[in-house]
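The following briefing is meant to be read beside the sequence and the coordinates. It begins with a single ion pair and then goes through the other topics in turn.

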Amino acid sequence: MTDSCTASTPAGRVAGKVALVTGAARGQGRGHAIRLAEEGADIILFDLCHDIDTNGYPLATSRDLKEAALEVEKTGRRAIATEVDVRDRAGLDTAVAAAVAEYGRLDVVVANAGICPLGDGPVEAFADAFDVDLVGATNTIHACIPYLREGASIIATGSVAALLAAGSQGGPSGAGGAGYVLAKQMLTTYIHTLAKVLAPKSIRANIIHPTNVNTPMLQSAPMYRQFRPDLADPGPDDVTAAFASLQQMPGVPWIEPGDVSEAVVYLASPESRYVTGLDLTVDADATLGRGVR
């Protein structure tokens, strides 16, 4: 949806910028979109808005995406909301081109869309996780690169779980979990290389690695079973202590999407104009305490 009236540009850390966020209908993506709008950016919101068969928890809906766009517009900024599959490069090219034609520019890309199929699912879950989490992220970034200019910022969503798995600390289970971990590990390497490639153009690329985040991905039956495999049907009350055991800071079972959004705003803003190729962990010391970093 779009606002027919262009709001005046407010003061803000990303005032006057245009930011694209994938996976924007709910969870971290919605939080990032709203927070960037609060700081002055107009927002392009992309989301799939239907389920993927191998993923064991429901994904966002069309209604979620519309509500997210309305939340952006409540800040006084403009919102373009489009249902698009990040695995579909041609569809992304079309959607990005249409949004940039309306806004006239693109300054920030938040490649956030992701899934985490867990447990004893089919082998196809490996492909689905890899295709959404890595191919989808690179498709998004590559569709946007032609429109980015000096000062632009690319931000990818990584994973503390993938960092821990790389450090032999275990990781998400099943074929889908393996696809998730591999995708996030390769995405990290990709961002490091991309940062080098884009540095001469003064375009930055960074990746944020959150720990457990209080989203529908975390608060789902497959994730509960991941953390409490000793129980046949664990519920929310059964997993709080197990969630908290991942972080070294006491009493932190998870962080909130807004905790990650603050890092996104920083990396999107001129405050980080010389920061590129960074692995930014927002993890309550889930990694350093285990010797992973």
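The side chains of Arg 77 and Asp 42 meet in a salt bridge, with 3.2 Å from N to O, where a salt bridge is a side-chain nitrogen of Lys or Arg within 4 Å of a carboxyl oxygen of Asp or Glu. The model is a predicted one, in which local features need pLDDT of at least 70 and side-chain atom pairs count only at pLDDT 80 or more, while totals for chains, interfaces and linings use all residues. Residues are numbered from 1 along each chain as its sequence is written, and side-chain values use heavy atoms, with hydrogens and water left out.

**Salt bridges**

- Arg 77 lies in the loop between α2 (62-74) and β3, whereas Asp 42 belongs to strand β2, so their pair ties together parts that are 35 residues apart in sequence; helices (H or I, at least four residues) and strands (E, at least two) are DSSP runs, numbered from the N terminus.
- Arg 77 is buried at a relative accessible area of 4%, and Asp 42 is buried as well, at 5%, given that buried means under 20% relative accessible area, exposed over 50% and partly exposed in between (1.4 Å probe, protein chains only).
- The structure holds 15 salt bridges, including one in which the side chains of Arg 105 and Asp 107 meet at 2.8 Å, N to O; here Arg 105 counts as partly exposed at 40% relative accessibility, while Asp 107 counts as buried at 10%.
- Arg 228 forms a salt bridge with Asp 230, their closest N and O atoms being 2.7 Å apart, and in this pair Arg 228 is partly exposed with 22% relative accessibility, whereas Asp 230 is exposed with a relative accessible area of 53%.
- Salt bridges that share partners join Arg 13, Arg 35, Glu 38, Glu 39, Glu 262 and Glu 271 into one network.

**Sheet and covering helices**

- Seven strands form an open sheet with parallel pairing, in the order β3-β2-β1-β4-β5-β6-β7, two strands being paired if DSSP finds at least two bridges between them.
- The edges are taken by β3 (79-83) and β7 (279-282), each of which has a single partner strand, so one side of each is left without a neighbour in the sheet.
- Neighbouring strands of this sheet are turned by 15° against each other on average, direction ignored; axes are lines fitted to C-alpha atoms, for helices over the stretch in contact, and angles run from 0 to 180 degrees between N-to-C directions.
- Strand β1 (residues 18-22) runs parallel to strand β2 (residues 42-47) and is joined to it by five bridges, and within this pairing Ala 19 stands opposite Ile 43 in β2.
- Helix α1 (residues 27-38) lies across β1, β2, β4 (108-111), β5 (153-157) and β6 (204-210), and runs at about 170° to β1.
- Helix α6 (residues 174-198) lies across β5, β6 and β7, running at about 155° to β6.

**A histidine in helix α1**

- His 32 has its place in helix α1 and counts as buried, at 0% relative accessibility.
- With neighbours within four places in sequence left aside, His 32 is in contact (heavy atoms within 4.5 Å) with Val 21, Val 110, Asn 112, Pro 257, Val 260, Ser 261 and Val 264.

**Aromatic pairs**

- A search of the whole structure finds four aromatic pairs, where rings of Phe, Tyr and Trp (its six-membered ring) pair if their centres lie within 6.5 Å, and planes under 30 degrees apart count as stacked, over 60 as edge-to-face and the rest as tilted.
- The rings of Phe 227 and Phe 243 have their centres 4.6 Å apart and their planes at 85°, so this pair is edge-to-face; Phe 227 is partly exposed at 22% relative accessibility, and Phe 243 is buried at 0%.
- Phe 243 also forms an edge-to-face pair with Trp 254, at 6.0 Å centre to centre and 70° between the planes, and Trp 254 counts as partly exposed at 25% relative accessibility.
- Ring pairs link Tyr 224, Phe 227, Phe 243 and Trp 254 into a cluster.

**Cysteines**

- The count of disulfides comes to zero, a disulfide being a pair of cysteine sulfur atoms within 2.5 Å.
- The sulfur of Cys 49 is 17 Å from the closest cysteine sulfur, that of Cys 144, which is too far for a bond.
- Cys 49 is buried with a relative accessible area of 10%, and Cys 144 is buried with 0%.
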